[in-house]
Amino acid sequence: QVRLVESGGGLVQAGGSLRLSCAASGRTFSSYAMGWFRQAPGKEREFVAAISMSGGTTYYVNSVKGRFTISRDNAKNTVYLQMNSLKFEDTAVYYCSEVVGTPATTHVGSWGQGTQVTVSS
């Protein structure tokens, strides 16, 4: 398990961009596939994007394909989510976590505290 701290959220107009960061503590960060999830008010937490241990494989929910890019820097123990062409529907609290599965869309371990993304229409 690792401790995760999300950051980079904020208020942005529709069509704008944000880059989220998830900083992980621990000596084995590179051993985990990592993913981003989001939860809007009144909705279930949903999978957004995942990246393999080495960063060579990514997977996205259909609603963000072509707009969001997940990446990681194992030397910095950090995973990123670059969000472009943001829509009002992207408004949510964004969380990162370890993920498993094929594709790796299933949360395991602990969540970070989340970071709020608010997109104005």
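This is a predicted model: local features need pLDDT of at least 70, side-chain atom pairs count only at pLDDT 80 or more; totals for chains, interfaces and linings use all residues.
Residues are numbered from 1 along each chain as its sequence is written. Local features need pLDDT of at least 70, side-chain atom pairs count only at pLDDT 80 or more, totals for chains, interfaces and linings use all residues, and side-chain values use heavy atoms, with hydrogens and water left out.

**Exercise 1.** Describe the aromatic pair of Phe37 and Phe47, then find the charge over Tyr95.

Step 1. Rings of Phe, Tyr and Trp (its six-membered ring) pair if their centres lie within 6.5 Å; planes under 30 degrees apart are stacked, over 60 edge-to-face and the rest tilted. The count comes to four aromatic pairs.

Step 2. Phe37 and Phe47 are edge-to-face, with 5.7 Å between centres and 80° between planes.

Step 3. Both residues are buried (under 20% relative accessible area, 1.4 Å probe, protein chains only; exposed is over 50%, partly exposed in between).

Step 4. Arg45 lies over the face of Tyr95, 3.6 Å from the ring centre (the rule asks for NZ of Lys or CZ of Arg within 6 Å of the centre and within 35 degrees of the ring normal).

**Exercise 2.** Which residues touch the most other members of the largest nonpolar core?

Step 1. Such a core is a set of buried Ala, Val, Leu, Ile, Met, Phe, Trp, Tyr and Cys residues joined through side-chain atoms within 4.5 Å.

Step 2. Among its 28 residues, they are Trp36, Val48, Phe68, Ile70, Leu81, Met83 and Tyr94.
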